[in-house]
Amino acid sequence: MAITIDDKEYDETSLDDAVKNSIVQVQSSTNTISKLKAEILNHQILSKHHSQNIQDNLPETETEAPTEAADVGSPDQ
């Protein structure tokens, strides 16, 4: 079976076992990275959704109505 690395084909039988193992490890790591990136994206989407849900559903805060100061005039009147 031919293995292509950097656009060059190599006969698998001519490769050292350590090189074959490294190829498998690189493939495995690349697949894991892809899965982790997808998982991170899913968590970012979930976090954004739930953060928005929190904001949309918080109870209204009761703000005190500003008290109007009585207009009694200035002291020198």
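Close-up 1. D17, at 58% relative accessibility, counts as exposed. K20 forms a salt bridge with D17, and the closest N and O atoms are 3.9 Å apart; the term salt bridge stands for a side-chain nitrogen of Lys or Arg within 4 Å of a carboxyl oxygen of Asp or Glu. A search of the whole structure finds 1 salt bridge. Both K20 and D17 belong to helix α1, where they are 3 residues apart, about one turn of the helix. This is a predicted model, in which local features need pLDDT of at least 70 and side-chain atom pairs count only at pLDDT 80 or more, while totals for chains, interfaces and linings use all residues. Residues are numbered from 1 along each chain as its sequence is written, and side-chain values use heavy atoms, with hydrogens and water left out.

Close-up 2. Helix α1 covers residues 17-57, which makes 41 residues, and from its first C-alpha to its last it reaches 59 Å, close to the 60 Å expected at 1.5 Å a residue. That expected span is 1.5 Å times one less than the number of residues in the helix.

Close-up 3. Strand β1 (residues 2-5) and strand β2 (residues 8-11) run antiparallel and are joined by 4 bridges; two strands pair if DSSP finds at least two bridges between them. The bridge partner of A2 in β2 is D11. E9 is also found in strand β2, and at 63% relative accessibility E9 counts as exposed. When neighbours within four places in sequence are left aside, E9 is in contact with A2, I3 and T4, contact being defined as heavy atoms within 4.5 Å.

**Close-up 4. The loop between β1 and β2.** The hairpin of β1 and β2 has 2 residues between the strands. D6 lies in this loop, and its phi is near 55°, a positive value in a residue other than glycine. D7 lies in the loop between β1 and β2 as well, and phi of D7 is near 65°, again positive in a residue other than glycine. Most residues other than glycine have a negative phi. D6 is exposed, with a relative accessible area of 70%, and D7, at 77% relative accessibility, counts as exposed too.

**Close-up 5. The elements and the surface of the protein.** The secondary structure comes to 1 helix and 2 strands, and from the N terminus on the elements run β-β-α. Helices (H or I, at least four residues) and strands (E, at least two) are DSSP runs, numbered from the N terminus. Of the 77 residues of the protein, 4% count as buried. The protein exposes about 7,600 Å², of which carbon and sulfur atoms supply 53%; accessible areas come from the Shrake-Rupley method with a 1.4 Å probe, and for residues only the protein chains shown count as cover.

Conventions
Buried means under 20% relative accessible area, exposed over 50%, partly exposed in between (1.4 Å probe, protein chains only).
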